[in-house]
Amino acid sequence: MKTVNRLTDIVTATKALLVVLLTSAVTLTSCNKLLYDYEGDCDPYYKVRFEYTYHMKQGDAFPYEVNDVTLYLVDDNTGKVVWQKRESGEMLGRSGYMMDVDVAKCKQSGIDPSVVLTTMQGYFGGLYASNFNSYGKLYRVMIQASYEFRGDLKSLNNIYVRTNKGMSPINEYVNLTKIYAPQEIDRFNLFTSINVNASPADGYSTGDVIKAMEEVAATNLPDGYSYEFSGLTRSEQESSNSTAIIFALCLTFVYLILSAQYESYVLPLAVILSIPFGLAGAFLFTILFKNQNDIYMQIALIMLIGLLAKNAILIVEFALERRRTGMAISWSAVLGAAARLRPILMTSLAMIIGLLPLLVPMGVGYNGNMTLGAAAVGGMLIGMLCQIMVVPALFFIFQKIQEKIKPLEFADDNAQIDTELMQYTRPVELQK
């Protein structure tokens, strides 16, 4: 018995989704056939219990033969079975025949087993033979027996292969075994596969669905079975795996460029460590607006890294200029932030106001617009407020460390900051 809990809370999918994930012994079509009889309200919080018995046949193309299958829908709150269905193995698959070529008899008759297979393909499956021209067009010639000559097992008595001793019925070289097989066999990367289609339920992203499927597959798939994503889901999974690398590269390039600008490997940390405050604001607004962490939010995060780093760079640059003239580190940090306060407020507020229309839930693609707008507005607003106070403190800490490693050489000209210092000093009246 297999039980699924978490996936039913996250995934709204075809009715056969949970069943297919639990076993590969039954095809998707067969599972749908079981569930189509359920006419009640399939609450997403129902648990699905799937019981089946089967036996394995080693060496066969279809290693599973299902004996019987029972499907239960269980109320997650009360634990009661609200619906159940049982089918026999014969009802689940499509009857067919497994054909085995007797290689020993073929060799005794002086023919190759491929001759038998080719003959069967020509009469039953169809075979390309030649081309012919008619009225200026090229047509293909396909050979295949008419249906009345290939519709049952007796038709094998009328099919012959040429041997050294003349024509022999083909049924002397093949053995047929009745089996119950899937109506069709899907393959992915040359492996037999089962297709599962799912869509996110309300309040969950596609990333949550992918994670839930991975968890369920890891705990429920039998040994020797694995899973792969295809289509857009595969592309999303590959891109999500590279998201962390992209952010790491962004921060690395910012750090290296700042290291060259400040001629220090320590001082750029004052800029780098101020960026997470804005990113936290982006995640906070995303949660408040009930959006998802998708590609739109990731674009906003990359944009915020550049904008927040720009504000921090200007504060550190102005503070460093004042420090190089001989001003104390603490006053350099304060005056550097004061000098850039008005430009930072103007540019940040202008951007926030310009992004506010994206938060209006209307128009085509408003979901993506809201996700991008909420992340950008929240990150810029909280990042702006935090950087004004955090960056001067970080500059004070890392400039202290930098000067312990390499003492700073002060400039001789202090005339440029005299005017700025006057506004922070108390004027003294001169007495005659």
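The largest nonpolar core of this predicted model has 42 residues, and those with the most contacts inside it are Tyr 262, Leu 267, Val 271, Leu 301, Leu 304, Val 316 and Phe 395. A nonpolar core is here a set of buried Ala, Val, Leu, Ile, Met, Phe, Trp, Tyr and Cys residues joined through side-chain atoms within 4.5 Å. Buried means under 20% relative accessible area, exposed means over 50%, and partly exposed lies in between, with a 1.4 Å probe and protein chains only.

Two or more residues of this core come from each of α9 (243-262), α10 (269-272), α11 (275-288), α12 (295-324), α13 (329-355) and α14 (366-405). The helix that gives the most is α12, with 12 residues. Helices (H or I, at least four residues) and strands (E, at least two) are DSSP runs numbered from the N terminus. In soluble globular proteins, nonpolar side chains tend to be buried together.

Val 316 touches Tyr 262, Leu 267, Ala 270, Val 271, Val 391 and Phe 395, with residues up to four places away in sequence not counted. Contact means heavy atoms within 4.5 Å. A second, separate core of 10 residues includes Cys 106, Ile 111, Met 120 and Val 174.

The model is predicted: local features need pLDDT of at least 70 and side-chain atom pairs count only at pLDDT 80 or more, while totals for chains, interfaces and linings use all residues. Residues are numbered from 1 along each chain as its sequence is written, and side-chain values use heavy atoms, with hydrogens and water left out.

**The chain as a whole**

The secondary structure comes to 15 helices and 14 strands. Of the 432 residues in the chain, 36% are buried. Among contacts between residues at least 6 apart in sequence, 63% join residues at least 24 apart.

**Helix packing**

The axes of α9 and α12 are 12 Å apart, and these helices pack at an angle of about 15 degrees. That makes α9 roughly parallel to α12. Axes are lines fitted to C-alpha atoms, for helices over the stretch in contact, and angles run from 0 to 180 degrees between N-to-C directions. Angles under 35 degrees count as roughly parallel, over 145 as roughly antiparallel, 65 to 115 as roughly perpendicular and the rest as oblique. The crossing of α9 and α12 is right-handed; a crossing is right-handed if the near helix is turned clockwise from the far one by less than a right angle, and left-handed if anticlockwise.

On the α9 side, the residues in contact include Phe 247, Leu 251, Leu 258 and Tyr 262, and on the α12 side they include Leu 301, Ile 305, Ile 313 and Val 316. By class, the contact of α9 with α12 has 14 nonpolar, 3 polar and 2 charged residues. Ala, Val, Leu, Ile, Met, Phe, Trp, Tyr, Cys and Pro count as nonpolar, Asp, Glu, Lys and Arg as charged, and the others, Gly among them, as polar.

The axes of α13 and α14 come within 10 Å and cross at roughly 160 degrees; these helices are therefore roughly antiparallel to each other. Their crossing, too, is right-handed. The contact of α13 with α14 has 19 nonpolar, 4 polar and 2 charged residues.

**Individual residues**

Ser 332 is found in helix α13 and is buried, with a relative accessible area of 0%. Ser 332 touches Ala 319, Arg 322, Arg 323, Met 327 and Phe 395, not counting residues up to four places away in sequence.

In helix α14 lies Asn 367, which is exposed at a relative accessible area of 52%.

Tyr 160 belongs to strand β9 (residues 160-163) and counts as partly exposed, at 39% relative accessibility. Beyond four places in sequence, Tyr 160 touches Thr 119, Met 167, Ser 168, Pro 169 and Ile 170.

| Pair | Apart in sequence | C-alpha to C-alpha |
|---|---|---|
| Ser 332 and Arg 322 | 10 residues | 5.4 Å |
| Tyr 160 and Ile 170 | 10 residues | 5.1 Å |
| Asn 367 and Gln 292 | 75 residues | 9.5 Å |

Positive phi values in residues other than glycine are found at Tyr 135, where phi is near 55 degrees, and at Asn 189, where phi is near 55 degrees. Tyr 135 sits in the loop between β7 (127-134) and β8 (137-143) and is exposed at 83% relative accessibility. Asn 189 sits in the loop between β12 (186-188) and β13 (191-193) and is exposed, with a relative accessible area of 51%.
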